[in-house]
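Here is a quick tour of some aromatic contacts and a ligand site. Have the model open while you read.

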Amino acid sequence: MTIQREIPIAKGLPFLGNTLSLTSDAIGFMTRAYHEYGSVYRVRVPGRELTILAGIEANQLLIDLGDEYLKLRPIYGTLVEETGSDLYLPTLDEPEYSYYRRMIKPRLSRETLVDYLPQAVQLISDTVQRWQPNESVRVQDVMTRLCVEIISHSAENTEVGEELASIIFFTNRLIGSGVAFQPAFLLKLPNYQRAKHRFEAFLQRIVDQHTAKPGEKDDYVDLLLRSKSSDGKQLSGHDLLAYVHLPFVNGVAYAPRLSGYLLYELLRSPELLAKVRAEVDAVFAEGELTVGSLRRMRWLYGACMEVLRMYPVAGALPRYIAKTFDFGGYTIEAGQQVFIATGVTHFLPAIYRDPYRFDPERFFEPRSEHQQSGAFAPYGLGSRTCLSAGMGEALIMLIMATMLHHVNLELPTPDYKLKTKIAPIPGPDSRFEVRMLGRRSPVPAPQM
Ligand code: HEM
């Protein structure tokens with residue numbers, strides 16, 4: 001049945017439409033619009049009108065509707081062009097999509113971190129031990145360096161070193177112009193072209209080093225080198241590089257931003273910080289940190305999940321409507337791009353009690369507020385959900401546990417409010433700093 005009703009258009013300014021609201025607090029705006037207009041509404045930005053689907057039923061669409069209805073390839077043409085590969089995972093349709101996703105998943109999971117974990121702890125503790133008392137450190141610089149270095153070592157047995165700046169530049173521009181509506185001409189500018197060439201040369205060196213010493217660590221790149229494309233050929237050229245690049249681009253995008261928010265939330269709540277510290281110190285007192293011991297830190301886990309809920313850095317996911325369907329009393333026509341505002345459910349009081357309160361206990365049993373189907377979607381939902389959610393979570397917890405164990409830090413002022421900036425996705429202001437108060441050595445005996 002096709003329903004002939006006009007989708008409501010959210011109120012906005014004459015020329016700018018909803019641009020200011022979308023660029024200052026996209027999920028806040030989309031949540032308010034959901035309460036005002038319901039689960040389907042349109043927003044305007046100069047030159048474009050977009051349909052937004054929001055709420056638990058919209059999130060459920062990602063779980064229930066397959067590739068036949070919701071696709072990414074028609075809107076991700078830029079990603080195909082910029083990677084030079086027709087096989088770039090997020091742009092694939094079925095059945096190729098499932099084939100390549102299954103192929104790479106085993107080497108991009110939580111377990112990928114296991115072998116490198118002791119060195120990762122060392123890297124984090126060396127980083128914080130270099131800070132001097134009273135020194136202020138830029139949080140996002142530190143978090144990005146640590147996340148990307150740890151992912152690169154664990155998955156690709158490679159040090160990032162001086163390549164980080166071009167990886168960050170490339171990633172932000174690719175996401176900005178390829179996914180987040182920044183102008184396409186930015187991809188032609190020399191600064192982007194330089195970053196892209198340098199990043200590609202780095203990826204090629206990783207491939208060459210692995211080819212020279214095949215199977216040395218049996219890591220993600222070794223897996224790619226022995227894998228075959230869906231038509232039985234060896235992966236090579238830009239197709240191979242597009243897969244070697246995935247952990248870098250995804251490693252820059254989300255985990256560093258969430259690590260920054262987590263540090264902020266812990267430092268602004270001394271009571272919660274003390275609880276997290278007590279379990280962190282207890283784990284370090286037992287010996288080496290392991291993936292298993294990370295899992296046992298319930299306060300740190302709850303705080304990490306609460307950050308994923310309250311700071312949806314990917315809170316609206318684009319989809320191309322490949323086949324018309326009815327939803328929320330409207331017809332969603334084929335041939336258009338929509339956004340599924342997955343982060344809106346994170347702020348609905350019917351799902352999360354007092355949703356604007358930072359409350360890690362909502363993830364503890366028996367409350368487990370996130371367990372209702374479609375309620376919690378920081379990684380997307382359904383078949384295209386984040387491939388490395390377990391790895392991302394373990395990484396954030398690992399960085400935070402090791403930092404808090406070794407140093408005392410404080411916010412610039414007791415009532416400091418961290419601003420979110422869109423660059424090109426939401427994240428902590430790059431000027432966010434914390435002050436080093438001193439090293440925690442010897443570390444006090446844990447009091448549980
Ligand atoms: C904790 C931080 C992370 C968050 C919140 C996150 C979130 C997401 C989201 C929202 C998507 C898109 C889902 C969609 O379009 O439906 C995604 C895709 C993906 N993520 Fe993550 N991610 C995180 C960390 C990582 C890390 C560390 C890696 C790799 C090392 C990774 C690898 C991927 C890959 C390969 C995809 C594409 C999956 C596909 O197209 O099948 N992510 N992630």
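The notes below go through the rings, then the charges over rings, then the ligand.

## Before you start

This is a predicted model, where local features need pLDDT of at least 70, side-chain atom pairs count only at pLDDT 80 or more, and totals for chains, interfaces and linings use all residues. Residues are numbered from 1 along each chain as its sequence is written, and side-chain values use heavy atoms, with hydrogens and water left out.

## Aromatic pairs

Searching the whole structure turns up 15 aromatic pairs. Rings of Phe, Tyr and Trp (its six-membered ring) pair if their centres lie within 6.5 Å; planes under 30 degrees apart count as stacked, over 60 as edge-to-face and the rest as tilted. Take Phe-199 and Phe-248: the ring centres are 6.0 Å apart and the planes sit at 85 degrees, so this pair is edge-to-face. It links distant parts of the chain, with Phe-199 in helix H8 (residues 190–212) and Phe-248 in helix H10 (residues 237–253), 49 residues apart. (Helices are DSSP runs of H or I, at least four residues, and strands are runs of E, at least two, numbered from the N terminus.) Both Phe-199 and Phe-248 are buried, meaning under 20% relative accessible area with a 1.4 Å probe, protein chains only; exposed is over 50%, and partly exposed is in between. These two also belong to one aromatic cluster with Phe-170, Tyr-192 and Phe-202.

Trp-299 and Phe-364 make another edge-to-face pair, 5.0 Å centre to centre with 75 degrees between the planes. Here, too, distant parts of the chain are linked: Trp-299 is in helix H14 (residues 298–310), while Phe-364 is in the loop between strand E8 (337–341) and helix H15 (389–406), 65 residues away. Trp-299 and Phe-364 are both buried.

## Charges over rings

The charged end of Arg-5 sits over the ring of Tyr-330, 4.4 Å from its centre. To count, NZ of Lys or CZ of Arg must be within 6 Å of the ring centre and within 35 degrees of the ring normal.

## Around the ligand

Which residues of the surrounding shell are closest to the ligand? Of the 23 residues around it, the closest are Tyr-97, Arg-101, Tyr-254, Arg-319 and Cys-386; a residue is near if one of its heavy atoms lies within 4 Å. H15 gives the most to this shell, with three residues.

From Arg-384, a polar backbone atom is 3.4 Å from a ligand oxygen.

Technical notes
A polar contact is a pair of N or O atoms within 3.5 Å; within protein, one must be able to donate a hydrogen and the other to accept it, and residues adjacent in sequence count only if both atoms are side-chain atoms.
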